[in-house]
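Visitor: I am new to reading protein models and would be grateful for a close look at a single part. Please take me through it slowly and then place it in its surroundings.

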Amino acid sequence: MSTALEKFKKYRKPGYYDKFDYHWTMSIDLDRCTGCEACVVACQAENNLPIVGEQQFAMRREIKWIRIERYWEGEYPDIKLQFIPMLCQHCDQAPCEIACPVFATYHNQDGLNTQVYNRCIGTRTCAVYCPYEVRFFNWFTYEWDEPLEQQLNPDVTVREKGVMEKCTFCIQRIRQAKDAAKDDSRRRVRDGEIKPACVQSCPTEAMVFGDLNDPDSQVSKMARNPRGYHVLEELNTTPSIVYLKRVHTDG
Amino acid sequence: MSNKINRRDFLKFVGAGTLGAGAGFLAADASKMTTEFLIPQVNLPEDYSPGIATWYHTVCTQCSAGCGISVRTREGRAKKIEGNPSHPVNQGRLCALGQAGLNVLYNPDRIKTPLLRDGERGSGSFSPISWDQALTTISGVLGTLKIQKKANNAYLLSGGVNGHLHELFALFMDQLGSKNYLQHEFSHPASLYAANKACFDEDVLPYYDIRNSKYLLSFGADYLGAWLSPVHHSVSYGHLRQGTEQRGRCVQVEARMSLSGANADEWIAARPGSEGMLALAMAHSIVEQGLYAGADAGDWKQALGAYSPASVAERSGISADRIVRIATEFAAASPSLAIGGGAAGASTNGTANLVAVNVLNYIGGNIGEAGGILFNPASTFSIDAPRPRASYQQMLKLFASLRGNDAEVLILHDTNPVFTLPAAANVKEAVMAVPYVIGMSSFMDETMALADIILPLDTYLEAWGDNIPDPGVGFAVASIAQPVVKRLYDTRSAGDIILALAHQIGGELPANMPWTSMENYLMEMWRSVYRGKSDDSSDQGFRKFWTSILESGVWGESPQQQDRPHQAMGRAMLSAVGMAQPSFAGNESEYRFVMQPYLSLAFHDGRGANLPWMQELPDPLTSIVYNSWVELNPKTAAELAIGEGDVLLVESTVGRFEAPAFIYEAIRPDVVAMPIGQGHGNYGRYASGRGSNPIEILAPETDSGSGGLAWSATRVKISKTGRRVHVIKTDGTTRDLGRNILGQKDGHA
Amino acid sequence: MSISVLEALAYFKKPALVVFGGVAGFVVGIWVNSTYFDDATPIQPIEFSHRIHAGENEIPCQYCHVYAARTPVAGVPSVEKCMGCHRSVATDKPEIIKVAQYFADRKPIPWIKVYDVPDFVHFTHKRHIKAGLECATCHGPVDTMDRITRQQPLRMPWCVDCHTSKEVENGRDCWTCHK
Amino acid sequence: MADYVEPTYAEVNQDVLRAMMETGPKYWATLGTSIAVAGICFFIPWFYQLEVGVGVAGMNRSAVWGTYLSNFIFWIGLSHSGTLLSAVLHITNSSWRKAIYRSAEAMTLFSLITAALFVMVHLGRVWFVHWTVPVPNQMGLWPNFRSPLMFDVMAITTYLTASSIFIYMGSVPDFAAVRDASTGLRRKLYTIFSFGWRGTAKEWHTLGWAYTFFAVLVIPLAVSVHSIVSWDFALSLVPGLHHTVFAPYFVTGAIFSGTAGIVTVMFLLRKYMNFERYIREIHLVNLGKLLVLLSLIWTYINIMEVFTTWFSGSSYELEALEWRLTGFYAPMFWEMVLFCAVVPLLILFKRIRTSWRSMLIISILINIGMISERFIIVATSQPRKFLPNAFGFYFPSAIEISITIGSFAVFTTLFLIFVKWVPAVSLYEVKETLKPLRRSR
């Protein structure tokens with residue numbers, strides 16, 4: 001009986017944390033973002049996003065972990081367009097995390113909202129619960145026309161049909177940076193050492209990624225910017241992405 | 001029935017047991033993992049570690065900007081392209097199209113072996129041949145021409161190559177005895193070069209210092225989208241906006257809101273072709289207000305007299321007050337910068353428009369100032385032959401001579417004029433008129449399909465080369481392109497082909513072009529660059545230098561202030577200034593709309609259309625994928641009862657095509673716009689048979705100042721065909737419905 | 001007529017026996033397959049003996065598996081490396097002649113993987129070796145094996161148990177190993 | 001009805017057991033058709049979907065839940081009939097239930113099974129569905145007990161187990177009756193099924209006690225099951241789903257559609273199994289009254305839902321509501337209102353209440369309304385959540401429609417098999433309602 005109890009206790013129970021080890025956070029300055037979509041392709045290249053094809057696109061089944069949303073304001077000729085990059089917000093109180101019956105998505109010690117592909121059974125509840133609509137389902141096992149598959153990143157799983165996927169903040173890059181930090185006998189990863197693919201590619205440097213636990217990190221400074229806000233703040237999901245609102249000048 | 005177990009029952013039991021055992025065995029077998037292999041290297045390459053990425057620096061050639069790129073490779077395969085952080089053009093960043101270079105390399109539709117035409121000319125039917133065969137045939141043809149002293153009947157039409165490959169082309173044609181070497185690129189801003197030549201007497205473009213500017217006034221130039229060097233401009237734009245305490249302001253003057261227009265603080269929907277007049281009216285206003293203090297103020301007052309804001313207001317559709325306000329802001333901001341291009345440079349008065357923009361900069365005091373217009377050094381290093389980039393007029397001349405009786409051979413390198421020139425230019429017929437057409441390309445396209453023989457090229461990720469970014473960044477820069485992966489197929493680089501041909505043609509060619517390969521040629525050329533720049537001329541010193549530029553991917557010299565005589569410039573501008581009204585093909589009553597095609601962010605001039613990532617990239621302004629579309633103002637659409645997806649018949653005076661309508665909120669009601677890039681007939685599985693090509697129906701109007709194609713000078717009429725298609729896009733609703741998404745509203749939605 | 005359940009059940013004794021036979025056979029089949037036909041000891045294209053190399057000649061593991069301490073994968077030596085010694089050592093042995101033939105043909109030797117984790121697992125030799133683990137901890141007494149036999153099932157509980165008992169930092173976070 | 005003659009005990013046995021044991025060609029034809037439809041419309045498309053991927057359904061990025069899930073709710077809802085009639089009416093001693101409760105319970109069981117099948121059809125990787133079962137496993141992972149889907153797994157398995165035992169237990173004396181009326185293999189089987197039931201007083205007493213116990217147990221289970229199903233939706237933030245009223249809303253809807261379902265099944269049993277003497281007008285009338293009551297409650301809750309949505313003043317909720325009431329699926333919404341709120345009021349007329357045919361039509365209309373309700377919940381809320389730029393649209397694909405149709409055949413098949421294995425009318429309870437004097441004629 002005691003062994004059973006011990007085993008019971010050993011079963012890992014991912015859950016909430018008092019303080020994250022690292023608190024990975026991204027800030028996106030909408031005043032810099034030009035909507036050029038470089039991040040969209042960077043993500044596609046880095047994370048083995050499938051080429052779904054015209055027909056699937058027409059059915060609105062595109063898989064873009066990061067996308068640019070557009071919002072118009074006004075009427076011609078006084079019309080303005082605003083872009084906002086939308087990706088997984090890695091909410092600290094994520095609605096998706098309570099949804100998954102098998103812990104394929106949960107919060108880890110680094111403040112990341114994880115998605116474990118090989119654990120996913122495809123209930124798709126997380127995508128329904130997600131207010132930001134940044135979870136994407138593999139409706140099919142997508143294939144790459146030869147030899148396009150040679151491009152696939154070996155550090156990222158190629159997902160099969162029936163699995164949910166989403167932005168991971170480029171976990172493979174985080175893992176690599178931590179690995180490098182360990183090699184140098186450093187305890188912590190340096191600020192700026194990790195750049196997710198989208199952040200790396202951004203031509204206007206609108207995106208900054210780093211550890212919010214470190215008050216001196218660039219992202220912490222950005223997060224303290226008075227222009228900072230969270231999208232759909234009133235839903236109280238406490239996202240890990242801080243947007244800096246666009247500056248509007250009259251004229 | 002007895003309950004005793006008899007022999008029969010026992011046999012049943014044993015039978016069931018055997019069956020079960022068999023099933024169990026098979027089940028266990030099926031659950032085993034498949035056999036995987038561990039394949040070692042035979043010989044170990046020196047820079048190879050399994051499981052660890054190796055990065056190589058090279059140059060992006062997806063557009064002419066010349067960004068430096070770093071390619072991540074694992075186990076000998078290219079995995080990701082990122083910007084080269086030490087490259088001054090893109091500073092570690094890269095645009096969408098540049099990152100999709102992997103789709104070029106690993107494109108399933110690449111030409112894999114040399115091809116020989118085996119059907120009717122132009123039928124697109126080819127059969128593979130060997131390189132030996134191909135090169136022998138071609139060198140035979142060219143050699144015969146040379147011997148017969150008819151080599152001037154050979155023509156080389158290349159895409160916009162740059163650096164030493166261009167030099168090699170020039171040398172080869174020269175050695176062959178032909179003067180007919182031209183480069184064609186749709187996006188080549190001929191009017192911008194002409195305007196700058198007129199104002200600054202320079203053949204290279206100046207450096208627009210957006211980064212340090214505080215007021216960026218753009219006349220039609222989509223500097224964040226596809227104009228000149230978008231990544232460099234974007235990096236600068238980021239700094240302009242939030243890099244310093246004082247946020248720079250951006251104003252965009254254009255008839256159809258481009259990506260830059262969408263990001264500007266103010267968008268001014270001026271009439272197409274009236275941009276120059278607006279610039280002059282602003283200059284007028286600045287001079288009138290006494291905000292210009294130059295010695296030649298009096299001359300300017302006179303020269304600009306005809307362009308008072310009031311008089312321009314009607315012609316441009318922009319109120320005089322607004323012109324004066326912008327002018328005042330422009331003059332007050334320091335430093336400020338006006339740039340012009342795109343549609344403004346592509347009307348019949350394109351060069352005059354861009355001269356007017358330069359005048360505005362001059363009056364605003366921005367020339368030679370940080371945050372204004374800076375000058376590039378005349379040439380980075382001694383490249384003797386200027387790039388023979390053809391304007392539309394020159395292309396027409398070329399086609400005329402191709403149609404003539406003398407033309408014998410046409411070599412096409414990496415260019416697709418059938419697609420990127422209007423149908424009115426009759427490119428196809430001109431190419432078909434040449435007896436022998438040699439194609440060099442990585443992909444089959446509309447022009448290559450007309451060739452007699454096709455030599456498959458390495459992609460830029462497999463070839464050696466170099467590149468001098470144009471426009472430059474204010475100081476001498478060049479980048480080296482090196483192969484990042486082994487060749488996938490039996491392809492060769494253009495340089496290697498030219499050198500091999502030179503050797504086979506014989507005569508004095510092998511002696512004058514002694515290099516064994518493009519790599520060898522490039523090294524020798526750079527050796528001379530090194531000798532010219534360094535005191536140490538030892539081979540060891542050069543090897544070190546060469547390794548260092550391969551490792552960093554870029555070579556540059558420290559910036560030097562480039563000064564230009566101000567007064568002469570003012571005089572040149574005074575004489576150059578003058579505006580003609582733009583003219584458009586087609587009368588206004590019948591052809592109601594001015595058509596503005598624009599370079600698509602994903603496909604550039606159409607070359608990106610065969611990249612699946614680009615086909616799946618939502619257009620930044622409309623979010624449409626996989627198709628082309630015609631943009632209409634909502635008012636126009638309502639008036640004509642056109643809804644999204646209604647297939648429209650678009651007719652110009654010279655042609656017509658069909659395309660679905662898209663209601664675009666930020667476009668003048670008298671303008672329709674359409675992205676360039678789709679409408680390929682023969683460009684691989686991802687591009688062929690998708691959408692339509694707006695270039696096709698452009699009237700052959702040219703810019704009077706430069707002879708460039710005035711692609712914004714065609715009027716069209718549109719009518720509904722009655723069919724309707726589903727426009728594939730990612731956008732749902734494009735209004736925020738008052739929700740707290742953009743952070744502009746306080747509190748609960 | 002009786003209504004005894006037992007009597008009724010007795011009627012189904014024989015069919016039940018047959019079903020039982022089938023089920024028992026199934027279990028036996030699985031057992032036979034995984035005991036006698038398991039793929040833990042694949043036959044390699046060349047009968048390379050770790051016993052001779054690592055055992056008798058005491059060549060250290062990382063002499064051939066050079067990447068183990070540096071990269072995620074341990075790596076197998078290039079054919080060139082084999083030939084480095086075998087140009088002069090034991091050149092007459094039939095297996096060595098095979099190796100030489102591969103080298104002469106510029107062909108890699110298609111070794112069969114003994115230890116293989118699924119594609120969704122991120123495993124790195126480097127970290128494990130830097131953490132001070134002996135090769136033998138997972139790979140067993142390689143120096144006594146002629147043919148390598150897989151010592152561990154490479155199943156998740158085996159990984160997790162070790163991570164738990166050694167209190168690996170974040171050792172039980174899914175994203176430490178799953179990618 | 002005046003000429004109605006109560007059957008004798010022997011006649012009860014005769015009638016019911018004949019219906020069970022004598023199988024005509026009509027039955028085989030019906031069963032064959034039903035199996036064929038289930039195979040062609042349900043299982044073949046499903047296997048195709050398993051092979052190719054869930055993409056063969058019409059779901060998309062903005063609506064990842066579709067018809068499969070709305071059908072799941074519908075079938076779970078239908079399952080509430082048995083419990084209500086059997087358990088609630090048993091406890092309240094409503095003797096009119098006795099002729100129909102067996103088939104009602106069977107409906108419960110089979111619609112639960114169909115609902116569970118829809119979960120399987122819905123899942124992306126159904127081959128890993130066992131990961132939701134909290135047993136020790138090689139990954140050393142529990143399922144996530146915070147997940148409403150886990151509540152679902154628990155609730156449905158518990159409910160399925162409990163209602164299986166409930167129906168089985170109630171059938172034991174009838175199995176004995178079958179045993180006694182048959183010979184050979186069937187007799188042997190039913191000897192085992194009936195656990196050697198002899199009909200002693202002690203046995204009857206134990207049965208009665210246990211039956212009441214299960215009746216009491218099963219009622220909260222039934223309520224909880226549908227409440228929990230509603231939490232799958234209500235625990236999300238999705239406008240239009242994130243409502244506290246959802247649990248009673250779902251439970252009422254479930255009982256409503258279940259009761260209507262019983263009327264339909266009753267009609268069919270009566271007609272095709274010749275149970276006219278057992279399933280009588282009183283059942284129809286009583287169920288009719290129940291339907292009216294449920295319809296009124298349903299209408300009330302619907303009004304409350306709309307009201308609270310409006311009262312919230314939240315733009316998300318208001319826009320979701322507006323789209324529901326006026327958008328693409330608005331005709332479906334108003335059809336639902338018509339069928340579920342207006343049509344049942346016709347039952348207030350006695351002529352309609354007592355007419356088998358009109359009650360059949362009304363009961364079918366109610367279930368059409370209810371299936372629409374579930375579809376509307378799934379299809380109008382999700383595609384229009386928070387970010388307008390991600391607004392989408394959902395329309396089921398041919399595969400989804402086919403599987404939906406096929407699910408009715410699956411249910412019918414199970415029911416047809418059931419009526420040949422278990423007396424569809426409870427023999428002993430019907431006998432209890434007969435006048436003791438009329439033991440023989």
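Visitor: In what order do the 4 strands of the open sheet in chain A stand, and what kind of pairing do they show?

Guide: Please keep in mind that this is a predicted model. The open sheet in chain A is built from 4 strands, arranged in the order 6-1-8-7, and their pairing is mixed. At its edges stand strand 6, residues 207–211, and strand 7, residues 228–229, of chain A, each of which pairs on one side only.

Let us stay with strand 6 of chain A. Its pairing with strand 1 of chain A, residues 24–29, is antiparallel and runs over 5 bridges. Two of the facing positions can be named. Ile28(A) stands opposite Met207(A), which belongs to strand 6 of chain A. Ser27(A) has Val208(A), also in strand 6 of chain A, as its bridge partner.

A residue is called buried here because 20 or more other C-beta atoms lie within 10 Å of its own.

For contrast, consider a residue of the other chain. Glu46(B) is found in the loop between strand 1 (37–38) and strand 2 (54–59) of chain B. Glu46(B) is exposed, because 5 other C-beta atoms lie within 10 Å. From Glu46(B) to Ile318(B) there are 272 residues in sequence and 65 Å in space, C-alpha to C-alpha.

We may now turn to the meeting of the two chains. Here 56 residues of chain A are in contact with 60 residues of chain B. On the side of chain A that touches chain B, the elements giving two or more residues are helix 2 (38–46), helix 3 (54–58), strand 2 (67–75), strand 3 (78–86) and helix 7 (197–201) of chain A. Helix 2 of chain A supplies the largest share, 7 residues. By residue class, this side of chain A divides into 28 nonpolar, 12 polar and 16 charged residues.

Of the 749 residues in chain B, 60% are buried. Among the contacts in chain B with a separation of 6 or more, 74% join residues 24 or more positions apart.

The domain assignment divides chain B into domain 1 (115–186 + 389–552), domain 2 (190–374) and domain 3 (593–724). The C-alpha centres of domain 1 and domain 3 of chain B lie 32 Å apart. Where these two domains meet, 19 residues of domain 1 of chain B are in contact with 22 residues of domain 3 of chain B. On the domain 1 side, helix 14 (392–403) and helix 15 (417–420) of chain B are the elements that give two or more residues. Helix 14 of chain B gives the most, with 3 residues. The residues on this side of domain 1 of chain B divide into 11 nonpolar, 6 polar and 2 charged.

Terms used: Residues numbered from 1 in each chain as written. Chains lettered and ligands numbered in written order. Predicted model: local features only at pLDDT ≥ 70, side-chain atom pairs only at ≥ 80, totals over all residues. Buried ≥ 20, exposed ≤ 12 C-beta atoms within 10 Å, placed from the backbone. Contact = placed C-beta atoms within 7 Å. Pairing = 2+ DSSP bridges. Nonpolar A, V, L, I, M, F, W, Y, C, P; charged D, E, K, R; others polar. Domains from an automatic or database assignment.
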